[in-house]
Amino acid sequence: MDKFVIKGGRRLTGEVVISGAKNAAVAILPAVILSDEPCVIENVPSISDVNICLRILSEMGAEVTNIGKDTYRIDPTTINKFCVPYETARKMRASYYFLGALLGKFSKARVSMPGGCPLGDRPIDQHLKAFAAMGANYTLSQGMIDLTAEKLSGCQIFFDVVTVGATMNAMLAAVKAEGLTVIENAAKEPHIVDLANFLNSMGANIMGAGTDVIKIRGVEHLHGATYAVIPDQIEAGTFMAAVAATKGDVIIKNVIPKHLESITKKMEKIGVNIEQYDDSIHVWVDGPLVKANVKTAPHPGFPTDMQSQIATLLTLAEGTSIVTENIWEQRFRYVDELRRMGADITVNGKVALIEGTGKLMGAPVKACDLRAGAALIIAGLAASGVTEIEDIYHIERGYDCMEGKLRALGADIEKVSVPDKHSMKPDEVKKAI
Ligand code: EPU
């Protein structure tokens, strides 16, 4: 068990380089299964969700080789297993992309029901609806999803909700299906476009990704490709919030400013200065932070994955802010931890009322999910005194070397190993507490 120990109150200054996008990488890596030749994937973030994807691929028989910093060569031609077992799948939400990729390539898949962050009810009915519309049969038993199809055929899919996962999964299953698939009410996130670009670079025929209607004409073969994953917009946004919270001055490199638009606009409203260049942004604060109202929404709206970080920033701003979470019902679980640090936040259903107190105090806290963990890091950096964050494995699922990058910007943050009390003998436990 590791924890982060942060001595707060230091301004972040300097330059930081953003890694590849988690939510693109966890779809692009399974998508390699669809290729009839090896692929090289660059700008792959070094995070535990990606490690799990790579492990699943290699357990299926693919040859996975790390050929350079953040670059992997994956040969899917040796795959001989079509199952993602419970032990691996439960650790990661995105294991569901193996359903679409295996179904699209081999017309069969067996994947455990996915795990991931505890954000409330996370149904996959829309994924299954899309597979069924293409001609697949599915059964759910003993926590496993089994998919089989004699043949996958193009079809019309209208999603009842805007869903990132089901849109990507439908694309994966449809690229080799016979005929035309039309996905309506599709999600428009940058990672949807990135997956489509990767599939097209292998010879797929996908049009309209990034709009709410995606058209996919099935092809028989996909060939190998070399492809670089887009930069992580949420990692960039998290650094923007951390810089603002410490009244710092940082150049954030390897970003696509267009992908950050909703975050940039909101930060500017709060009083953060942002200058955009081709593939970097300059973020600094030289005045007071002020209240703002934030409502999360599917892209191009404000991303739910930035909600906890911006809410933390608003605890440091002047005035009363309102934050409304419209995607995940349990995404305010970090609020109790922030209150331990002196934040004044009241949650009522999907709305949080934040009275900006302008200051936070260090405290021992626990990360309850990935973005909650990011919010606590921001709080710890801005707080007076020492903050200790437990359960940082959540943070390491999605942030590539967070503490190293923050230290390089001047933060006082250390990763400390704590003996796991459950695996200790009683007298060792006594010594440790
Ligand atoms: N939904 C359904 N049925 C479905 C699928 C989704 O009702 O079959 C609902 C969900 O309950 C939710 C809404 O639709 O209310 C949106 O869910 P979506 O499918 O878009 O989410 P996801 O694919 O499970 C991805 C990201 C999340 C991010 C959301 C929203 C990955 C691996 N995960 O989840 O990322 O919050 O999209 O943008 O791409 C994170 O990175 O911290 C994270 C949780």
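Me: How far is a polar side-chain atom of R331 from an oxygen atom of the ligand?
Reply: The distance is 3.0 Å. Bear in mind that this is a predicted model.

Me: And R371, what does its side chain do there?
Reply: An N or O atom in the side chain of R371 is 2.8 Å from an oxygen atom of the ligand. R371 is also among the residues that come nearest to the ligand.

Me: Which others come nearest?
Reply: Y96, Q126, V164 and D305, along with R371. They belong to a set of 25 residues around the ligand.

Me: What about P123, is it backbone or side chain that lies by the ligand oxygen?
Reply: Backbone. One of the backbone N or O atoms of P123 lies 3.3 Å from an oxygen atom of the ligand.

Me: How does the lining split by class?
Reply: There are 18 nonpolar residues, 12 charged and 10 polar in the lining of the largest pocket.

Me: How many cavities are there of 30 Å³ or more?
Reply: Four. The largest cavity holds about 70 Å³ of space. Its lining is made of 13 residues, and the closest to the centre are A21, N23, H191, D232 and Q233.

Me: Which elements give two or more residues to that one?
Reply: α1, α7 (190-201) and α8. By class, the cavity lining has five nonpolar, four polar and four charged residues.

Me: α8 again. Where does that helix run, and which residue is found in it?
Reply: Helix α8 covers residues 233-245, and T238 is found there.

Me: Is T238 buried or exposed?
Reply: T238 has a relative accessible area of 1%. Buried means under 20%, so T238 counts as buried.

Me: What does the T238 side chain make a polar contact with?
Reply: The side chain of Y399, at 2.7 Å.

Me: What else is T238 in contact with, leaving aside neighbours within four places in sequence?
Reply: Besides Y399, T238 is in contact with M306, Q309, A374, I378 and M402.

How values were computed: Residues numbered from 1 in each chain as written. Predicted model: local features only at pLDDT ≥ 70, side-chain atom pairs only at ≥ 80, totals over all residues. Heavy atoms only, no water. Helix = DSSP H or I, 4+ residues; strand = E, 2+ residues; numbered from the N terminus. Buried < 20%, exposed > 50% of the residue type's maximum accessible area, 1.4 Å probe, protein only. Polar contact = N/O pair within 3.5 Å; in protein donor to acceptor, adjacent residues only side chain to side chain. Contact = heavy atoms within 4.5 Å. Nonpolar A, V, L, I, M, F, W, Y, C, P; charged D, E, K, R; others polar. Near = heavy atom within 4 Å. 1 Å grid on protein atoms, 1.4 Å probe; cavity = no way out; pocket = protein on both sides within 12 Å on 5 of 7 lines; lining within 4 Å. Points joined across faces, edges and corners; volume = space filled by probe spheres on them.
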